[in-house]
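Biologist: Can you put the model up and walk me through it? I'd like the overall fold, then the pockets, then the surface.

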Amino acid sequence: MLGFTGVVVMCGVASPGSAPPDPLGLALAACGTLAFAAGTVLFRGRAHGLAILPVNFWQSVTGAVVLAPVALAWGGPWPVPAMPTVLALLYLAAVATIGGMALWLLLIRSRGAAKASACHLLNPVSGVVLSHLVLGTALRPTDFAGAAIIALGLALTLRPSRTPSVRPAGAPAK
């Protein structure tokens, strides 16, 4: 809850007089979040022994196949992309999507789904830092405060357990 509070401090809420959020956009974001959470839980429980890259590949193909009809039905005409656009899409597919998801699946295996999910709280921090570095967006005091709250929440969530290890009766102490 502490990390979520930090996200709210960083991202804030709509200021008075600004346009209200698009309900369809919010609904789609909620559906994406639920799908990602379900995938995390299913991977943790069912695919623990499977190789990560094939799982990741087929997960990406399945998502593309499911969303292609939606894109064709609701999207506009598709322009012929320029070479920089093609290269950017290939980078997003290979590095950001497949590479990032492979790291995510490794994190689930090594730390567990709950602790791995807590790392998503770093997304707003990364977004604000990248926005500042790439686009020159000014950093606000709320960005620093929110990042500090998120860091505290993550430190508390990811700290090692304090419960003593239990050794079998008669086993020598280490």
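**Fold, pockets and surface**

Modeller: Of the chain's 174 residues, 14% count as buried. Keep in mind that this is a predicted model.

Biologist: How many helices and strands are there in the chain?

Modeller: The chain has seven helices and zero strands. Along the sequence the pattern reads α-α-α-α-α-α-α.

Biologist: Next one. What lines the second largest pocket?

Modeller: Its lining is made of Thr 33, Phe 36, Ala 37, Thr 40, Trp 104, Ser 117, His 120 and Asn 123. The space in this second largest pocket is about 240 Å³.

Biologist: Which helix gives the largest share of that lining?

Modeller: H2 does, with four residues. By type, the lining of the second largest pocket has three nonpolar residues, five polar and no charged.

Biologist: Changing topic: how many salt bridges does a search of the whole structure find?

Modeller: One. The side chains of Asp 143 and Arg 140 form it, at 2.8 Å from N to O. In general, side chains of opposite charge can pair when their charged atoms come close.

Biologist: Is Asp 143 buried or exposed?

Modeller: Asp 143 counts as buried, because its relative accessibility is 6% and the cut-off for buried is under 20%.

Biologist: Now the surface. Which residues form a nonpolar patch there?

Modeller: Val 129, Leu 130, Leu 133, Val 134 and Leu 135 do, and together they have about 550 Å² of accessible area.

Biologist: Where is Leu 130 found?

Modeller: Leu 130 is in helix H6, which covers residues 122-135.

Biologist: Why does Leu 130 count as exposed?

Modeller: Because its relative accessible area is 51%, and exposed means over 50%.

Methods:
Residues numbered from 1 in each chain as written. Predicted model: local features only at pLDDT ≥ 70, side-chain atom pairs only at ≥ 80, totals over all residues. Heavy atoms only, no water. 1 Å grid on protein atoms, 1.4 Å probe; cavity = no way out; pocket = protein on both sides within 12 Å on 5 of 7 lines; lining within 4 Å. Points joined across faces, edges and corners; volume = space filled by probe spheres on them. Helix = DSSP H or I, 4+ residues; strand = E, 2+ residues; numbered from the N terminus. Nonpolar A, V, L, I, M, F, W, Y, C, P; charged D, E, K, R; others polar. Salt bridge = Lys/Arg side-chain N within 4 Å of Asp/Glu carboxyl O. Buried < 20%, exposed > 50% of the residue type's maximum accessible area, 1.4 Å probe, protein only. Patch = residues over 30% accessible without salt bridge, like charges linked within 9 Å, V, L, I, M, F, W, Y side chains within 5 Å. Areas by Shrake-Rupley, 256 points an atom, 1.4 Å probe, with all protein chains shown as cover.
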